[in-house]
Amino acid sequence: MMDEKDREIIQLLQDKFPLVSEPYKEIGDKIWMDEVSVISRIARMIQDGAIRHFGPFFDSKKLGYIGCLAAVNVPDDRVEAVAAVINKFDEVTHNYLRDGVPNLWFTVIAQSAERREEIFAQIKKEAQIDEILTFSSKRTFKVRVNL
Amino acid sequence: MDSKTKKVLSELQDGFKLETKPFTRIAKELNTTEEEVIDIIKDSLNSGIVRRIGLAVRPEKIGFEENALIAWQVSQDKIEEVGEDLAKINEISHCYERDCPPNWPYNLFTMVHTKSAQDLERLIEDIKNKHNLSNYKVYRTKKEFKKTSMRYFND
């Protein structure tokens, strides 16, 4: 379980990792904790799964990649199999089963539009899906602050 | 992007290794100085290639039991106002206007995380009433099949 100190560390590290020689010492100084304790708390939260990623977050567009949200509608008994086909691609970063129609939602970050279409075509073929709905972002109002 | 920048970012893409002096170690490996490694990272932040450096948590592990994708139908003349307003809500982590397939009316996509189903209902009611939105779809998260960070650099 997380305690107050863990929450403070998360708060401090949300978007401002100190770019100094001894970053954990700087974090520790702010919350009256030595750097070894700071590091071991972060390690524990990564281990627990509370922290999913700890490092840089890249802007895929600026790196020349094309992102896209996609959705397919799959009968209950085929969800696991279709999800497994979708998950095979490194370019698929998120894949969720949701209530509603369509029910399987995933994101693709591809190096080109051609590659993206290739991925969709392969998913359709391998998972025997007729239609993939695509939703590319037109305007970003907010992108993950901490979640 | 120059090759040194690429090497530094590639070294960091899977996350920090939890060492007391991360930049000294990277500098040694790339045969450069700690100052240069830090400068490269700062430049990447300034140019926007790196959006931020820090951590991402799993909402469900820190008490957000209800997670949902909610797509709203918002008219073009209101989308900027509504999008910017929804972006201010704590429980909303992502908010995008999206290009949608034909016959798909819900053009404003939000990811919503709340502590309970009740809180989610309450938040939806508030948004509906404030912006006069009657047409929307709630896609509650049932199962996570994959959630990773993209690896942009090949080792």
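In chain B, the side chains of B:K128 and B:E125 meet in a salt bridge, with 3.2 Å from N to O. This is a predicted model. Over all chains, the count comes to 23 salt bridges.

**A bridge within one helix**
- B:K128 and B:E125 both belong to helix α5 of chain B, which covers residues 117-131.
- They sit 3 residues apart, about one turn of the helix.
- B:K128 counts as partly exposed because its relative accessibility is 21%, and buried would mean under 20%.
- B:E125 is partly exposed too, with a relative accessible area of 35%.

- A:D6 forms a salt bridge with A:R41, and their closest N and O atoms are 2.8 Å apart.
- A:D6 lies in helix α1 (residues 4-13) of chain A and A:R41 in helix α3 (residues 35-48) of chain A, so this pair ties together parts that are 35 residues apart in sequence.
- Both A:D6 and A:R41 are buried.

**A bridge between two chains**
- A:E80 pairs with B:K143 in a salt bridge, the closest N and O atoms being 2.7 Å apart.
- A:E80 is in helix α4 (residues 79-87) of chain A, while B:K143 is in strand β5 (residues 136-147) of chain B, so the pair joins two chains.
- B:K143 counts as partly exposed, at 35% relative accessibility.

**A network in chain B**
- Salt bridges link B:E11, B:K17, B:E19, B:R25 and B:E29 in a network.

**The fold of chain A**
- Chain A has 5 helices and 5 strands.
- Along the sequence they follow the pattern α-α-α-β-β-α-β-β-α-β.
- The radius of gyration of chain A is 20 Å, whereas a compact globule of 147 residues would have one near 15 Å.
- The C-alpha trace of chain A spans about 60 × 35 × 25 Å along its principal axes.
- Of the 147 residues of chain A, 52% count as buried.
- Take the contacts in chain A between residues at least 6 apart in sequence: 59% of them join residues at least 24 apart.

**The largest pocket**
- The largest pocket holds about 1200 Å³ of space.
- Its lining has 50 residues, and those nearest the centre are A:H94, A:T107, A:R144, B:H94 and B:Y96.
- The lining residues of the largest pocket divide into 20 nonpolar, 17 polar and 13 charged.

Definitions and conventions. Residues are numbered from 1 along each chain as its sequence is written. Chains are lettered from A and ligands numbered from 1 in the order in which they are written. This is a predicted model: local features need pLDDT of at least 70, side-chain atom pairs count only at pLDDT 80 or more; totals for chains, interfaces and linings use all residues. Side-chain values use heavy atoms; hydrogens and water are left out. On a 1 Å grid over the protein atoms alone, a cavity is a set of points where a 1.4 Å probe fits but cannot get out, and a pocket is an open set with protein on both sides within 12 Å along at least five of seven lines; lining residues have an atom within 4 Å of a point. Grid points are joined across faces, edges and corners, and a volume is the space filled by probe spheres set on the points. Ala, Val, Leu, Ile, Met, Phe, Trp, Tyr, Cys and Pro count as nonpolar, Asp, Glu, Lys and Arg as charged, and the others, Gly among them, as polar. A salt bridge is a side-chain nitrogen of Lys or Arg within 4 Å of a carboxyl oxygen of Asp or Glu. Helices (H or I, at least four residues) and strands (E, at least two) are DSSP runs, numbered from the N terminus. Buried means under 20% relative accessible area, exposed over 50%, partly exposed in between (1.4 Å probe, protein chains only). The radius of gyration is taken over C-alpha atoms; the globule rule is 2.2 Å times the number of residues to the power 0.38. Contact means heavy atoms within 4.5 Å.
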